[in-house]
Each structure stands twice: as C-alpha cells, then as structure tokens.
Amino acid sequence: MSHSQKLPQDPNIRALVSAMSQRSLSRRSVLGAAGALGLGGLLAACGTGGSKTGAAAADISASDPTLNWANWTLYLDYDDAAKAYPTLEAFTKQTGIKVNYSEDVDGNDTYYGKVQAQLKSGQDIGQDIFTLTDWMAGRVIRQGYTQALDPVNIPNSSNLLPSLQNVDFDPGREHSLTWQSGYAGIAWNKAKYPKGLKSVADLWDPSLKGRITVLDEMRDTMGLLMLQDGVDISGTWGQDEFQKALEVLRGNIDSGQIRQVKGNSYKEDFISGDAIAGIVWSGDLVQMNFENDDQWEFVIPEAGGTLWSDNLMVPVGSPRKANAEKLMDYYFQPEVAAQVAAYVNFICPVTGAKEAMEKIDPSLMANPLIFPAEEDLAKAHVFRSLDADEESSFAADFQSAIGA
C-alpha cells in the first residue's frame with residue numbers, strides 16, 4: 001500500500017498513526033534489517049464485572065525505599081554482560097529506591113488466576129506494580145483491584161502519546177499508564193521451513209504437524225483465526241463467528257497439528273526447535289533473532305494482525321504506591337523510554353522518544369518494526385470490547401478448547 005492510500009478507519013489506530021508520524025521509538029542497532037514489520041495500536045478494553053475491594057493499603061514508601069515490579073519476559077532493557085537492567089540501576093542510583101524486578105507475567109489469565117483471591121480481599125500480592133494487557137487492565141480496574149494514581153507524583157505522564165491519554169477502560173488514565181504496545185502475527189524458522197508463511201491457514205500444512213505453537217491469549221489467537229475467516233474483529237460479530245474459528249483451533253489441537261498453546265514461554269519451544277512456526281508477539285521474535293542468529297521471520301498475516309497495549313498499575317494492597325509512581329515518572333522521560341524501546345522493540349508510548357533515540361542509535365529510527373508505517377497499520381485490527389456475558393462465555397469456551 002502506498003502512502004497515498006487512506007489510513008485505517010479505527011480511530012485509535014488513526015490517532016496512533018498521526019502521533020507516530022511525529023515521533024517514534026527503537027531498539028538494538030543490529031536489528032535495523034530484522035525481517036519483521038512494525039506498527040502500533042491499542043486493544044479495546046473488556047472483562048468481567050466484580051465487587052469492589054476495601055480501601056487501599058497505607059503507604060510506607062517514605063520509610064521503605066524498595067519496590068517490587070512484575071512484568072512480562074524480555075520487556076526491559078538488559079545488559080547480558082553485567083546481568084543487570086541499566087535503566088533500573090540508574091533509577092536506583094537517582095532515587096535510592098531498590099527495585100525487585102521479576103518476569104512473573106506469562107499470560108494475563110494465568111497471572112490473574114494466581115493473584116485474584118488476594119486482590120479481592122485487598123491483600124498485598126507482593127508486587128507494587130503489575131503490567132497487564134488492556135482488556136485485563138480494564139477488568140482489574142473495574143473490580144477495584146488497583147489504586148488511583150496521583151498525577152502530581154507523575155508529571156512526566158504528560159508525555160504519554162495523545163492517542164493513549166484517554167482510553168475507555170480507564171477514562172483519564174486514573175489507574176494506569178501504557179508500558180508498551182505491539183501486535184500478534186505469525187512466524188517461522190527460516191531454515192526449517194524455507195517456503196515461509198503468508199496466512200494463518202498456512203500453519204495447517206501437514207508438514208508442520210506437531211511443530212506449531214499458538215498463544216494462550218484469547219484475543220490474539222482467536223483474533224487471527226477470525227480475521228482469517230474474513231471477520232472484522234473490530235466491528236460487529238458474535239457467537240457464530242467465534243465458534244467457527246474456535247472449531248478450527250480445537251480441530252488442530254485435537255489432531256496434534258498444534259503442539260502447545262502457551263503464554264510467553266512459547267519462545268522456549270522456538271529456541272529448542274520443538275516448534276517451527278506459530279502465532280507470536282512481534283517484539284519477542286526480534287529479541288530471539290538477536291540472541292539466536294536471526295533464525296526466524298515474522299509477518300502480519302495477509303488477513304491482518306491484532307493490536308494491544310500493556311499497562312502499568314498499582315495493586316490495591318501495595319504499601320509502596322509513592323515509590324511506584326516515582327518509577328512510572330522515571331520511565332516516561334523520553335531519554336529513558338528510548339533506552340527501553342531500543343531493547344524491547346515494541347512500540348513506545350512516550351512523546352519525544354524518537355528524537356531521544358537519535359542519540360542512542362539513529363540507524364533504528366527508520367526501522368518499521370519500531371516506527372509503524374501506514375501499510376502496516378492498515379493491516380492492524382483491534383479486538384472489539386466484550387460485555388461481561390461475552391467475556392465469560394468466550395473465555396470459558398476458549399479455555400475448554402485449549403485444555404486449560
């Protein structure tokens with residue numbers, strides 16, 4: 001698609017295209033020619049209802065300069081030689097707050113399942129920040145499982161891209177701030193499957209039987225399957241469309257075509273060689289290629305890919321909200337955001353990060369994986385919001401199909 005063609009119709013995507021035309025993000029220099037596409041967007045919020053919890057925990061930040069942060073894997077700049085996170089070390093040096101960083105989030109549903117009972121009772125889950133995708137962020141906010149943020153403590157939150165400053169699951173961003181955005185598509189091992197993939201349907205090639213992995217995030221895997229069926233996942237659809245795609249998924253699991261349905265740990269199957277291809281998240285493949293001699297290629301399927309964002313929030317039982325807010329404020333500085341973006345290779349939500357990236361590695365500024373192009377965004381789709389009944393029904397059917 002040429003740049004003269006029209007932009008996507010989804011208002012969130014259009015807003016992000018406009019924002020990205022003025023500013024961007026980035027990653028390690030060797031990734032400039034990575035075989036992947038880049039784009040950005042937001043995933044519409046949804047989730048189930050729930051009762052509100054009690055009052056937030058008393059804040060002991062002034063007397064306890066520590067902070068616990070649960071995030072996804074490969075989602076923060078890391079120095080392999082020093083075995084440390086450079087931006088976190090700089091934060092500790094600047095503030096005196098020691099951060100206990102853990103890659104505890106493998107999937108939204110699995111993580112929620114581990115902490116939901118504690119959140120419901122208002123207990124401390126042992127984390128002062130957790131990072132969850134839009135739809136799950138909407139759920140925990142609605143259920144009263146997060147603390148309201150104090151904007152006075154996060155002045156740099158004004159650097160959040162305009163397209164992300166007001167979202168339907170958290171109007172006015174009272175409880176959350178975007179960490180990164182990205183999308184789901186398909187990938188394959190270039191040496192073991194040289195003919196490559198163009199569509200989700202290509203994953204059902206008999207020669208790939210038992211060597212396919214797909215994501216346990218319902219909106220990504222089902223989103224791609226429904227897009228393959230010609231469904232506008234951002235528009236009007238219902239049980240019939242969902243069940244048709246689910247039968248495709250169930251059939252390929254039951255037949256052994258699909259080896260595993262996993263969260264972030266799908267990367268282990270790719271690296272070990274047990275999986276040759278599958279449905280994956282964009283930035284993960286870039287980092288895997290960097291660390292494993294560029295073995296894989298990622299594309300947005302011809303029928304389209306899904307869009308999402310992950311969000312920083314403070315759990316209701318955290319006793320260190322002020323420390324958490326200091327960390328959020330730190331990461332919304334363009335220079336710091338650019339350092340993170342240069343490593344993780346997802347779409348950065350911070351205004352000015354592109355200009356800051358020029359000082360880190362100007363060769364990355366033109367990388368379409370980091371700075372979304374219009375032709376990529378035209379293939380990007382937001383999974384529509386689900387009401388509480390749909391959320392419960394679709395999630396139950398999906399979990400049953402994948403044997404969870």
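The points below cover the chain as a whole and then its cavities.

This is a predicted model. The protein contains 13 helices and 10 strands, and of its 404 residues 58% count as buried.

**Overall fold and surface**
- Among contacts between residues at least 6 apart in sequence, 82% join residues at least 24 apart.
- The protein exposes about 15,100 Å², of which carbon and sulfur atoms supply 50%.

**Largest cavity**
- A search of the whole structure finds three cavities of 30 Å³ or more, and the largest has a volume of about 150 Å³.
- The lining of the largest cavity is made up of 16 residues, and those nearest its centre are Trp-72, Thr-133, Trp-281, Trp-308 and Asp-310.
- Helix 5 (218–228) and strand 9 (305–313) each contribute at least two residues to the lining of the largest cavity.
- By class, the lining of the largest cavity comprises seven nonpolar, four polar and five charged residues.

**Second largest cavity**
- The second largest cavity has a volume of about 60 Å³, and the residues lining it are Thr-178, Trp-179, Gln-180, Tyr-331, Phe-332, Ala-337, Val-340, Pro-349 and Val-350.
- Strand 4 (177–189) and helix 10 (334–344) each supply at least two residues of the lining of the second largest cavity, with strand 4 giving the most, at three residues.
- The lining of the second largest cavity has seven nonpolar and two polar residues but no charged ones, whereas the lining of the largest cavity includes five charged residues.

How values were computed
Residues are numbered from 1 along each chain as its sequence is written. This is a predicted model: local features need pLDDT of at least 70, side-chain atom pairs count only at pLDDT 80 or more; totals for chains, interfaces and linings use all residues. Side-chain values use heavy atoms; hydrogens and water are left out. Helices (H or I, at least four residues) and strands (E, at least two) are DSSP runs, numbered from the N terminus. Buried means under 20% relative accessible area, exposed over 50%, partly exposed in between (1.4 Å probe, protein chains only). Contact means heavy atoms within 4.5 Å. Accessible areas come from the Shrake-Rupley method with a 1.4 Å probe; for residues, only the protein chains shown count as cover. On a 1 Å grid over the protein atoms alone, a cavity is a set of points where a 1.4 Å probe fits but cannot get out, and a pocket is an open set with protein on both sides within 12 Å along at least five of seven lines; lining residues have an atom within 4 Å of a point. Grid points are joined across faces, edges and corners, and a volume is the space filled by probe spheres set on the points. Ala, Val, Leu, Ile, Met, Phe, Trp, Tyr, Cys and Pro count as nonpolar, Asp, Glu, Lys and Arg as charged, and the others, Gly among them, as polar.
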